[in-house]
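Please review the briefing below alongside the model.

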Amino acid sequence: MWKIISSKKMSDAWLETGACLHAVEAPANPDQVPMRDEKLALGIQTSALNPHHKPGLAPCLVVLGVLLSGLQVGLESTHAASTTARASVLSADERSTLLQYAKDTWRSFDRLILPSGLPADGLRRDSEGRTTPWMQTSPTDIAAYLWSVQAAERLHLIGASEARSRLDRTLTTLAGMDRTHGFFVNELDPRTGVAFKISPFDSSPSRLRLSAVDNAWLAVALTMVANANPSLRKRSQNLLEAMDFRYFYDPYDAADPVAHPGQLRVGYRTGDHTFYGHYGMLNTEARIVSYLGIVRGQLPPEHYYRMFRTLPEGLGSQGQLPRGETRKYNGVSVFEGSYNYRGVRIVPSWGGSMFEAMMVTLFVPEDLWAPRSWGINHPLYVRAQIEHGLKEVGYGYWGFSPAASPQGGYQVYGVKALGTYGLGYFSHEIGAPVPPHLPPRSSSFAHGVVTPHASFLALRYAPHEAVANLRALARAFPIYGPLGFQDSVDVSAGVVAGSILTLDQGMIMAAIANALADDAMQHIFSDGQMEQVVRPLIAQEDFSAGPPGHLVWVQPTLNDSEKHGMENK
């Protein structure tokens with residue numbers, strides 16, 4: 001049951017907007033980079049486009065831009081309401097900087113790609129400064145390469161013939177690879193596309209798994225190839241048709257909604273033939289699976305509203321007690337919960353990272369399609385990341401997201417207050433300290449870790465701040481080079497990760513293509529059927545997110561049947 005306990009008076013500006021507003025498992029080997037969909041905690045898993053300016057939308061977004069100033073980050077920001085408006089807010093100098101970043105980032109793919117047309121998972125810099133590829137890949141890595149080829153073409157870094165040749169080679173290899181239930185396993189040799197039977201890291205037997213979200217990103221990329229390349233359409237569609245995401249769907253059971261919540265399972269282990277986990281939280285990268293499944297008729301539309309905006313009380317510990325109210329959409333009662341971050345209400349992600357909340361926006365214009373939910377939350381989430389880095393902990397830099405660690409291996413970073421996960425993702429290292437002789441830099445908070453791809457994910461909502469942050473990182477640390485940005489930097493000690501990850505390079509390429517080429521990535525993926533199906537589904541929702549003065553409600557509780565399900569789980 002839910003009950004209202006208080007309601008603050010909303011500002012006149014808010015009222016005027018009306019309808020416009022409203023655990024990663026540690027690898028046994030520290031060099032092994034786990035897939036980012038593996039966020040296991042208490043059995044709960046975190047886990048098209050019409051960008052043209054709409055009459056009447058701009059005033060609402062202008063007011064929202066004013067309200068966002070409640071997060072006083074000390075930076076001037078212009079929130080752009082449309083493709084044209086966002087392009088105009090970038091200065092010629094900023095556009096030139098972004099284009100140079102794209103050129104260098106694209107150069108890294110020449111080192112990452114193998115003759116098979118598959119990319120390695122990343123590049124590691126050795127003691128002599130040479131870069132060598134990690135001999136592992138995944139469906140997400142392959143996807144990142146496919147959409148980066150299309151981004152490079154639209155940024156005029158390569159011509160159409162080269163783009164087609166690259167895509168053709170990758171599609172040829174994919175067509176010859178083994179699949180299970182139409183999906184690709186995560187543990188792949190990029191030289192051949194064959195699944196690893198033995199781990200390349202520690203020679204132990206591989207536990208092969210099908211990941212719902214990793215295969216979904218590959219489906220996104222294949223959809224883009226099909227949409228933008230008529231000569232490759234049939235081959236892309238052949239690969240797509242075999243990927244039926246209802247395979248991962250656990251239908252809703254009112255008699256036991258905890259065990260069967262109407263959500264997607266995280267994955268499937270092929271060795272012991274078992275599914276594991278559920279993607280319970282909405283504000284994670286895994287919602288891309290939901291969009292794909294719904295638009296292809298493989299998942300019921302109401303599934304979107306079965307995911308949690310905040311974790312229900314009694315279903316596990318979480319970062320803070322959510323506040324909100326219950327609303328009904330598509331026959332489903334949804335608790336529209338949110339967290340408080342420095343006076344602002346925000347719908348959290350699982351760990352508080354940029355990757356979780358913002359990666360989907362590279363391909364789906366959620367802020368325009370759902371102005372009363374994502375249109376409010378995304379800008380606020382970005383502003384909160386900026387506020388955390390510059391004000392709350394005083395690093396002098398911002399942008400926190402899973403990345404290769406400056407200490408080696410892989411780590412999840414985020415803003416704990418923006419995440420549901422009770423243990424939290426932190427914006428600093430929590431492992432062994434870096435060498436003590438390295439002096440701290442700008443922060444009294446030890447070993448804050450900033451990852452550049454997070455700034456690129458913020459380009460849509462804080463373009464000037466994003467470019468300024470990237471420039472500042474490049475000036476202060478040895479993080480930028482001929483292959484673009486290294487994956488992260490300990491801004492307190494000045495230690496840079498000696499690694500480049502394919503997925504992060506792919507997010508950078510997609511973000512720049514959107515910023516400089518009229519939302520090219522969103523257009524290619526989301527125009528047409530995606531918009532026709534998904535837009536009206538998500539447009540009806542009202543998040544409880546908002547600036548100071550927004551409504552505050554009590555947290556949800558489980559009903560008797562849900563409590564019974566928890567007791568027996």
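Strand E3 (residues 122-125) is joined to E4 by three bridges, and the two run antiparallel. This is a predicted model. Strand E3 also pairs with E19, again in the antiparallel sense and over three bridges.

**The sheet**

- The open sheet has three strands, in the order E4-E3-E19, with antiparallel pairing.
- Strands E4 (131-133) and E19 (499-501) stand at the edges; each has a single partner strand, so one side of each lacks a neighbour in the sheet.
- On average, neighbouring strands here are turned by 20° against each other, direction ignored.

**Residue pairs across the strands**

- On the E4 side, Arg 125 has Thr 131 as its bridge partner.
- On the E19 side, Arg 124 stands opposite Ser 499.
- In a regular strand, side chains alternate between the two faces of the sheet.

**Helices on the sheet**

- Helix H4 lies across E3 and E4 and runs at about 90° to E3.
- Helix H15 (residues 502-516) lies across E3 and E19.
- The angle between H15 and E19 is about 65°.

**Helix H4 in detail**

- H4 spans residues 92-112, which makes 21 residues.
- From its first C-alpha to its last, H4 reaches 31 Å. That is close to the 30 Å expected at 1.5 Å a residue.
- Which residues of H4 are buried? They are Glu 94, Thr 97, Leu 98, Tyr 101, Ala 102, Asp 104, Thr 105, Trp 106, Ser 108, Phe 109 and Leu 112.
- The buried residues of H4 include Glu 94 and Asp 104, as well as Trp 106 and Phe 109.
- An α-helix has 3.6 residues a turn, so residues three or four places apart point the same way.
- Among the buried residues of H4 are Leu 98, Tyr 101, Thr 105 and Leu 112.

**The chain as a whole**

- The secondary structure comes to 18 helices and 19 strands.
- The chain has 569 residues, and 61% of them count as buried.
- Its accessible surface is about 20100 Å². Carbon and sulfur atoms account for 54% of that surface.

Key:
Residues numbered from 1 in each chain as written. Predicted model: local features only at pLDDT ≥ 70, side-chain atom pairs only at ≥ 80, totals over all residues. Heavy atoms only, no water. Helix = DSSP H or I, 4+ residues; strand = E, 2+ residues; numbered from the N terminus. Expected span 1.5 Å × (residues − 1). Buried < 20%, exposed > 50% of the residue type's maximum accessible area, 1.4 Å probe, protein only. Areas by Shrake-Rupley, 256 points an atom, 1.4 Å probe, with all protein chains shown as cover. Pairing = 2+ DSSP bridges. Axes fitted to C-alpha atoms, helices over the stretch in contact; angles between N-to-C directions. Contact = heavy atoms within 4.5 Å.
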